[in-house]
Amino acid sequence: MLHRKRCVSSSAVVSAADSRTSVVPIVCALRPRLLRCSAICSAFLLLIPTKLSAQLSVVELRNGMRLGPGQLLETDTISTNPHARNIRSEVLAKPILIIDNGLTVTYVNKSPLTVARVSDSTTPPMELIEFPSAREVARSGTQPAIQGIMEISPFNQYGRRNFTFMTSRGPMSVLQGITEINPVYAKVEVLRTQTDQFEWDLRITPASIPRERLREILFKVLDPTKSGDWLRVVRFYMQAERYLEAREILTEAIERFPSDLAASRTLITQLDELYASQKFNEIKVRRQSGQRQLAAQLLLAFPESALPVETQVELEDQINSVKQEIALTDEVIKAFEAQVAKLPPADQQAIAEVVRELVDSVNLVTVTRLSDFQVLRRDASLSSESLVSYALGGWLLGSGAGIDNFAVAKSLIRVRELIREYLDNADLARRQQILAELQGEEGAQPEYLARLLATMRPPQSPSLPREEDLPGLFRLQVNRPGGVVVNYVVQLPPEYDPNQKYPCILGIPGRGDKPEVEVDLWCGAPIQGFRIGPATRRSYIVVSPDWMLPEQSDYQYTELEHDRILSCLRDAMRKFSIDTDRVFVTGHLEGATAAWDIAQSHPDLWAGAVMVSPGADKYILHYSVNVRAPKNGDVPLATYIVYGQFDGTRFTNEMGSAASEYVESPRYDSIVVEYRGNGRTRFPEECGRILDWMELSSHRRKRFPRSIETKSMRPGDRFFYWLEAPASTVVGNTYQFDPTDKSGFEARLLPGTVNGIVVSRIPSYRSSALIWLSPDMVDFNQPISISVGSNDRRVERASNSEMVATMLEDARQRGDRMHVFWQRVLIN
């Protein structure tokens, strides 16, 4: 399984989380068009990988992700398409590496460009508990096509449950039983009965079984009169990193067998230390994600003696660091107020509003904006005007602004207010007035404007949340052309501060799911009025649109669907402080299909794409080049795909072939995870590992790539990174095997000494091109050479007023204030 830090848990949290996921990883409502099991099993017989070694290994990818421990195998493809497999069978090389941990099989490309290192696992053997029910497992019979789940009973104390579902022949019910369990997975199989039965090996996580029921099941299969069996249960919970439960079991065991387990008393101290270390690691996660107030409270109250000696030093360092941050923040605020008090009354009045904002808003995170003031405040040669200017400049523009001119600082305040009004104003005439007013401001330089936009609070305020909703949950709507209203929800993380930037998950729900389902999956279902899911712990904003029309049953690959989904994200970006370099498009079921299509159609918007139980058809099959590394370039977009082994959609669309392409080539950054024995479901147990993947430093949006190689087959798919086709004229047939060569974009930035751009292919009338420029791409102080086909042009820097107009309108329309374009050039 993937290595990750576990969330700190209490018994209440564990119990609630278990009850939420107790019936999740089972084969869920598959479509009526699902092939019968005989055909399915025949296809799966083709998927026989090559075993490398029985030794468990850990795989470290070059993007920083660690996979395992698991058994390593190789294969040529994960596609279930016989035609695709016949083509690949002619190739002797097997480019895909498999890491099998018993619960999941994870596929990655095995090239050294993808895999950095493979090492033997040092993890001791897992405690495996076998059940007598293994002797009752059905070994024959044909698994029918599952059209829908009707009822699933809870596991009884013997680890058995009834599973009732609908088939083409009517309802069918089978008896399932746990046949073996270890800290990674529980193996659930169909047991022989006098009624319906067939062979089915389903894997679920032990955490999906309610806490008290799991303990009851374990002691039904083990002998509670034997001290050794109690120790087996303790080892089981320890290896699952459920230290609190391990301690409870061990304490009770010692009471029952005081003489047999006298030597085990020292293990209680070890468990206490492990549990304390687990909580300490959770505090560090919260602190690193920006929840500094919570982390500070927990650290200052943390019992140092509970930790191992070697960790106590780290705790002391963390506590000292927190105390220094608190002291520094208080000291800087007092010093700033003292310098403001020395200014003439007129100057104090001019900046009073921003001074109040700074004093009220600065915290343990945003105090870094005042780094210039902090370093220079004791310099006796600097005037109060200069020192206040350094502080205001840092607050308005960000750390290191270096503003020492009081007149410029005051102008920046006025410019920021005009910017805010411009971005939130639908009146064209007023926006033109604002542009005219900005021309007279010393602080309205493009360099200042870019930093103001990136640092300022969102220009719009959301509507007030409902009293009955959890803290941080907002229910919003956005109006689209034609009177269409799209509802969406936003869940903010704890300690949300509009002066900070937060990573974001755009969660697209499947058919029949409300946006709240996505919020619960990523942020955690409410427990006593709070959420403790992986996105909450990591301080992610979750945005989820209600995008499907009432009559809609599946994703339809239309631009109107793209608009309904993306308009919600853009609206959220105007209202909340979203880090646009760290927005991940995700989805489940039909929403996963939409996420896949949108990710490949607009790769410039995302830091990564996550698809859980997706389908794949039409444009998804042709647009994979859009997330593939161009020659001598970086991978544009990382992807993470999750599905169940018996997901019926793998046989009714090309999901397997499309996912296989991602891991067959090192030119993609992709992980594909298959849950053994599962069908089409949401796999909430994978969310924690996905968040670890999102946290990788390599998973950031590629905003200004040096080269562009993309395909476009819809008129609306005409903007990629910094290149736009003013009006796309080529529309490809999605059922063509090889669409027309004219249906794509190819362009590159020339080396800095040349300071130019070459567009070699663009699907527009007479090869016209709209090129958006930024200082990250070209040097505005030098002439810029632009070549589009046979049309060559030398472009000079636009005037400051033209740049300001372009920057503000770009931010207003796209909602992205972190990376605005400074100049636009139309080549006809």
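Biologist: How do H10 and H13 lie to each other?
Modeller: H10 and H13 are oblique to each other. That follows because angles under 35 degrees count as roughly parallel, over 145 as roughly antiparallel, 65 to 115 as roughly perpendicular, and the rest as oblique. This is a predicted model, where local features need pLDDT of at least 70, side-chain atom pairs count only at pLDDT 80 or more, and totals for chains, interfaces and linings use all residues. Residues are numbered from 1 along each chain as its sequence is written, and side-chain values use heavy atoms, with hydrogens and water left out.

Biologist: At roughly what angle do the axes of H10 and H13 cross?
Modeller: Roughly 55 degrees, and the axes come within 11 Å. Axes are lines fitted to C-alpha atoms, for helices over the stretch in contact, and angles run from 0 to 180 degrees between N-to-C directions. H10 covers residues 345-361 and H13 covers 406-423. Helices (H or I, at least four residues) and strands (E, at least two) are DSSP runs, numbered from the N terminus.

Biologist: Is that crossing of H10 and H13 left-handed or right-handed?
Modeller: Left-handed. The near helix is turned anticlockwise from the far one by less than a right angle; clockwise would be right-handed.

Biologist: Which residues meet there?
Modeller: H10 brings Asp-347, Ala-350, Ile-351, Val-354 and Glu-357. H13 brings Phe-406, Lys-410, Ile-413 and Arg-416. Contact means heavy atoms within 4.5 Å. By class, the contact has five nonpolar, no polar and four charged residues. Ala, Val, Leu, Ile, Met, Phe, Trp, Tyr, Cys and Pro count as nonpolar, Asp, Glu, Lys and Arg as charged, and the others, Gly among them, as polar.

Biologist: And what angle do H4 and H5 pack at?
Modeller: About 140 degrees, with axes 10 Å apart. H4 is residues 211-221, and H5 is 227-239. This pair is therefore oblique too. H4 passes H5 in a right-handed crossing.

Biologist: Which residues make the contact of H4 and H5?
Modeller: From H4, Leu-214, Arg-215, Leu-218 and Phe-219. From H5, Trp-230, Val-233, Phe-236 and Tyr-237. The class count is seven nonpolar, no polar and one charged.

Biologist: Now the loops. Where is Ser-399?
Modeller: In the loop between helix H12 (384-397) and H13. Ser-399 is partly exposed, with a relative accessible area of 43%. Buried means under 20% relative accessible area, exposed over 50%, and partly exposed in between (1.4 Å probe, protein chains only).

Biologist: What is Ser-399 in contact with?
Modeller: Setting aside neighbours within four places in sequence, Ser-399 is in contact with Thr-368, Arg-369, Ser-371, Gly-394 and Arg-451. Its C-alpha atom is 7.1 Å from that of Asp-372, 27 residues apart along the chain.

Biologist: What is the phi of Glu-241?
Modeller: Near 60 degrees, a positive value in a residue other than glycine. Most residues other than glycine have a negative phi, and most peptide bonds are trans. Glu-241 lies in the loop between H5 and helix H6 (243-256). At 28% relative accessibility, Glu-241 is partly exposed.

Biologist: What about the phi of Lys-618?
Modeller: Positive, about 45 degrees, and Lys-618 is not a glycine either. This lysine sits in the loop between strand S17 (608-612) and helix H20 (619-622). Lys-618 is partly exposed at 26% relative accessibility.

Biologist: Is the peptide bond from Gly-68 to Pro-69 cis or trans?
Modeller: Cis, with omega near 5 degrees. Pro-69 is in strand S2 (residues 66-75).

Biologist: Switching to sheets. What is the strand order in the open sheet of five?
Modeller: S20-S23-S24-S26-S27, with mixed pairing. Two strands pair if DSSP finds at least two bridges between them. S20 (707-711) and S27 (791-795) are the edge strands, each with a single partner, so one side of each has no neighbour in the sheet. Neighbouring strands are turned by 10 degrees on average, direction ignored.

Biologist: How many bridges join S20 to S23?
Modeller: Five, and the two strands run antiparallel. Glu-709 stands opposite Glu-746 in S23.

Biologist: And how many join S23 to S24?
Modeller: Four, antiparallel again. Arg-748 has Val-758 in S24 as its bridge partner. Six residues lie between the strands of this hairpin, where Asn-755 takes a positive phi near 55 degrees.

Biologist: Do S24 and S26 run parallel or antiparallel?
Modeller: Parallel, joined by four bridges. Ile-757 has Ile-786 in S26 as its bridge partner.

Biologist: Last one. How many helices and strands are in the protein chain?
Modeller: 23 helices and 28 strands. Of the 828 residues, 58% count as buried.
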